[in-house]
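Here are my notes for your read-through. Keep the model open as you go.

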Amino acid sequence: MNMISNSQFFFDHHILEETRFFISKSQSIEFKHPLPRITHSKLLTLVVRDTIDWIERNISSKFNSKFVAEKSGYSRCYFQREFKQLTGFSLKKYITLRRVIAVSKALNKSNTSLRDLSERFGFTNELSLYRAFIKFFNMPPVAFRDMHII
């Protein structure tokens, strides 16, 4: 299982913040092609998009919602609240859902054991995968594998 280092987790919003700061300090300068004004809400939306992209790229790595929220550059509580407002999911629920979906795809492509899949997709153990799967699909993973839904 891959562990994520802090250096691998970088959001481009720092560049946007710097650009916004520069624009605010140089209002009297006329640009040939002025950059659009970046509001805080637009910046936060970009950070949430970057977070979702990062989660998708690293779904088989071991991380939790606390780690992801802290790397956003915002306070954990604020980011988690805004993430839910923008996506309709809590950050923890979104990560779990994406992991369950990744497991569901793997279930139909191979006969890999639930234990291996739980380790591969960042679940604490086989039981946590089993419970999450039932919560989202209303059936155990084995029954889902037998149905070949995806």
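1. Start with a term. A salt bridge here is a side-chain nitrogen of Lys or Arg within 4 Å of a carboxyl oxygen of Asp or Glu. Side chains of opposite charge can pair when their charged atoms come close. Bear in mind that this is a predicted model.

2. Take Glu 119 and Arg 115. Their side chains form a salt bridge, with N to O at 4.0 Å. Both residues sit in helix α6, which covers residues 114-120. They are four residues apart, about one turn of the helix.

3. Glu 119 has 39%, so it counts as partly exposed.

4. By this rule the chain has two salt bridges. One of them joins Arg 98 to Glu 56, at 2.7 Å from N to O. This pair links distant parts of the chain, 42 residues apart. Arg 98 belongs to helix α5 (residues 91-109), and Glu 56 to helix α2 (residues 40-57).

5. Check the surroundings of that pair too. Arg 98 is partly exposed, at 22% relative accessibility. Glu 56 is also partly exposed, at 33%.

6. Now the whole chain. It holds eight helices and two strands. Along the sequence the order is β-α-α-β-α-α-α-α-α-α.

7. What share of the 150 residues counts as buried? The figure is 35%. The chain exposes about 9600 Å², and carbon and sulfur atoms supply 53% of that area.

8. Last, the contacts. Among those between residues at least 6 apart in sequence, 64% join residues at least 24 apart.

Methods. Residues numbered from 1 in each chain as written. Predicted model: local features only at pLDDT ≥ 70, side-chain atom pairs only at ≥ 80, totals over all residues. Heavy atoms only, no water. Buried < 20%, exposed > 50% of the residue type's maximum accessible area, 1.4 Å probe, protein only. Contact = heavy atoms within 4.5 Å. Areas by Shrake-Rupley, 256 points an atom, 1.4 Å probe, with all protein chains shown as cover.
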